[in-house]
Amino acid sequence: MSPKKTNYNWIELDAVDSTNNYAMGLIHAGTAQHGTAVLAHHQTKGKGQRGKVWETEPGANLSFSIVVKPDLLIAQAFQLLATVAVTVRNELENYVGDEACIKWPNDLYWRDRKTGGILIENVLRGKQWQWAIIGIGINVNQIGFGNLKNPVSIKQITGRQTNVTALAKQIHAAILHALQQLNEMGFDAFFQHYNQHLFRKQQTVRLKKERRIFSTHINGVNLQGQLSTGVDAEECFSFGEVEWLL
């Protein structure tokens, strides 16, 4: 699990259990810096949302993490997630076109199929937000996904092979630039773009909350990061509160 290439902000690994775990180790060791990136060509136990495992074919997909020091309050955590999601979605558009979208809260979709996901883990000291680890997984060159329900890769969409490391470096640079813009210019533009490219916005969808399954209209996402639904009466849901039924 030793790095095969390292420089100021970039660590590239042949294999690791989870790039987020590796990045967390750098933080605990005191060697992480704002912008440090960890790329793995094979991630054996990648993390997904709500404890799910992110499965990926060795060498075929993008699995990497970026360590950042957020210049935000904990209450503004959605601003970080939305800024990252918009930035990665925009980079994907360069490959798969404008049908790239963001499925609330943290998935990347093309049409109605999943191209990737984002998982942010935080290091806090009291009420101070010390570090955030931005984990990003994207289906790049894999063309078979077994029994997984609705994944799609860049190669399946375009028919072309993509250089995984080059894509990671593009996204890394774009995210650091976007975070600088967030600090200097505020959240408004990122918030508008998040809603502009929101999966199934202004459509009727089926959601599940505990044992309740219901159809509702997607209005958008509010500044607190909640999913706003309903026509006659608005109903808002926080992260993890509802499950999409696609």
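**Exercise 1.** Find why the radius of gyration of the protein chain agrees with that of a compact globule.

Solution. The radius is taken over C-alpha atoms, and the globule rule is 2.2 Å times the number of residues to the power 0.38. For 246 residues the rule gives a value near 18 Å; the protein chain has 18 Å, so the two agree. The C-alpha trace spans about 55 × 45 × 35 Å along its principal axes.

This is a predicted model, in which local features need pLDDT of at least 70, side-chain atom pairs count only at pLDDT 80 or more, and totals for chains, interfaces and linings use all residues. Residues are numbered from 1 along each chain as its sequence is written, and side-chain values use heavy atoms, with hydrogens and water left out.

**Exercise 2.** State what share of the residues of the protein chain is buried.

Solution. Buried means under 20% relative accessible area (1.4 Å probe, protein chains only).

**Exercise 3.** Describe strand β2 and its pairing with strand β3.

Solution. Helices (H or I, at least four residues) and strands (E, at least two) are DSSP runs numbered from the N terminus; the chain has five helices and 15 strands. Take the faces of β2 (residues 10-13): Trp-10 and Glu-12 lie on one side, Ile-11 and Leu-13 on the other, and all are buried. Next, the pairing, which requires at least two DSSP bridges between two strands: β2 and β3 (residues 37-40) run parallel over four bridges. Finally, Leu-13 has Ala-40 of β3 as its bridge partner.

How values were computed:
Buried means under 20% relative accessible area, exposed over 50%, partly exposed in between (1.4 Å probe, protein chains only).
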